[in-house]
Every structure is written in C-alpha cells, then in structure tokens.
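Me: I am new to this structure. Can you show me how to read its features, one at a time?

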Amino acid sequence: MSGVILTLLEQPGTTSGLLVASERLAELMGGAQIDVFVVRTPPEATILPSEEVLTKRQFTLVRERERARASALRAAFDQWQAERRIETLSVRWWDLEGLVDGAIKEWGPRADMIVLRFPGGDDWHPAQQAVYTALFETDRPVLIVPAGPPVPFGRRVAIAWRDDRQATRAVLSALRCRHAPKRVLVLAGERQGSPRPVVPDILLEHGIEAELQVLPIGKGAFGKTLLTKTHELAGDMLVMGAYRHSALREFILGGLTRYILGHADLPVLMRR
C-alpha cells in the first residue's frame, strides 16, 4: 500500500462514479487504501437561524432521512464492492454523524488524496463548500470527478500550467501516480506581449516528456479555452492549481478555479 485515499459519498446517484474513480486513482498510485466516508447531518444542524427550538418531530424526520440516505449509499457501496476490478484493494467504510466540513478538516489531512464530486444539482452549495474545504483547509490534492457514468482516466493527462506554487504542487501531486500516462499535455496561457511559455522545469527534472500547447488569453473565459483544447487533444484528466482571491472563509474563488468547478466534465486533480 502506497497511500490513503479519502472518498466522500453524499448522493446515491454519484456514488458509482466516485468509487470507480477512487479505484482507478489507487491503481495509478500503485496501490492505496480507500477510506469511504458517509457523514450524516445531525438534527440540530438543520435548525434555521429564525427557529429557536428543534421539535421532536423535526428531530425524528431528520434522523430518518439521514439514516435512509446512509443506507442507500451503503447499498451502492456494497454493489461496487461486489463488482470492483481490483480484488486486493484495501477499503474501509466510515459512517459518521457530524458536519461535512468538520469531517473533511479532521480526516482530510490524514489522507494522501481526497476524492469528491463536482458541485451540482439541488445541493450545489453544500457540495461546493466540501470542495472548498478540501482544497483550502487540508493541504491535500483533491480529485474532483463529474457525475455520470465513470470513465477511465490518467492515460492522457493535460496540465493547466502557470509558473507558480499552486501549479507546481498540483504537478508534484500527479507525480505520485506510479503509472506514467501515455501522453502529457502542457496547456499554457499566453497574453499578448508576454514571454512565450515553455515546458515546465518540474517535468523535465522528473524525466517526463510533454507536449506544449500555447493558448491565447483573451477577453473570454480562459477556462472554456482550456477545456475545449483538452477535449480536442483527447485528454482524459486535467491537473491544475486551485486559486482564490482572498484568504477569507467566504467562497471567493479565482476565476479559472470557479469556471472549472462549474463546467468541467472530466476528472480534475487540483491543489492549492
């Protein structure tokens, strides 16, 4: 075993994709233990600011709802267990009661990688909060996967490169994967009048052969340009730094980070 992967399950419809992605990540890492977490919301955490008392009926309804959600997630987990490709994979199941933020803060720093889903659906804000906490409060790389049928990744890796700390740390996290991809694509933005980007030293120093693609930075969303080029080149995974405009706790994300979280349709490995 070469690492620990923390995978958070929240909705039954996204469970299969998260677990298959975690299994694939463990394979790329050359073996890892997957800790699968379900965090049930305590009844007292559901009281609105305008409410003073949690009634017995509300308490019972929340407990039953969360118990049903955990049971559905466990059923999806058990099905994946019966069907997973790597029989020797080490997997542990954790069923906790508490706040998702708190669980990620407590357990995230103990893992080597965190696997979450992209924000979306009716619980977009809580899902975004989980991603934000993992990215900016655990100091760990986070693999974020889209909803929908799981697809293989890690064979044709695209790197959204800019010469800074976040991108470098994201690349170093990707290098934890022992199985080298068949193709590495460096996608670097270039503003008019700026020096032309080059293949990052961090890749050359690790003996990684990469293809450089220079993308013009214009008035439109660069995230759209980045995703379009990744698909044109048949990339199956994106590696990039995570950015925010402020150290405040509010969700003040950088423009590129925010765009990718809202629009990416392939696995993205991010690191602050």
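Reply: Start with helices. A helix here is a DSSP run of H or I with at least four residues, numbered from the N terminus. Glu66 lies in one of them, helix α2, residues 56-83. Keep in mind that the model is predicted.

Me: Is Glu66 buried or exposed?

Reply: Buried means under 20% relative accessible area. Glu66 has 5% relative accessibility, so it counts as buried.

Me: Which residues is Glu66 in contact with, leaving aside neighbours within four places in sequence?

Reply: Val39, Arg40 and Thr41.

Me: Now a strand. Why is β4 described as largely enclosed?

Reply: Count its buried residues. Five of the five residues of β4, residues 113-117, are buried, so the rest of the structure largely encloses this strand. Met113, Val115 and Arg117 point one way, Ile114 and Leu116 the other.

Me: Which strands pair with β4?

Reply: Look at the bridges. β1, residues 4-9, runs parallel to β4 and is joined to it by three bridges. There, Ile5 has Met113 as its bridge partner. β5 also pairs with β4 in the parallel sense, over four bridges. Ile114 stands opposite Val142 of β5.

Me: What unit do β4, α4 and β5 make?

Reply: A right-handed β-α-β unit.

Me: Which residues of helix α8 are buried?

Reply: In α8, residues 255-263, they are Thr257, Tyr259, Ile260 and Leu261.

Me: What covers the buried residues of α8?

Reply: The cover includes helices α4 (124-137) and α7 (222-232). Strands β5 (142-145), β9 (237-241) and β10 (268-271) are also part of it.

Technical notes:
Residues numbered from 1 in each chain as written. Predicted model: local features only at pLDDT ≥ 70, side-chain atom pairs only at ≥ 80, totals over all residues. Heavy atoms only, no water. Helix = DSSP H or I, 4+ residues; strand = E, 2+ residues; numbered from the N terminus. Buried < 20%, exposed > 50% of the residue type's maximum accessible area, 1.4 Å probe, protein only. Contact = heavy atoms within 4.5 Å. Pairing = 2+ DSSP bridges. Right-handed = clockwise from strand over helix to strand, strands pointing away.
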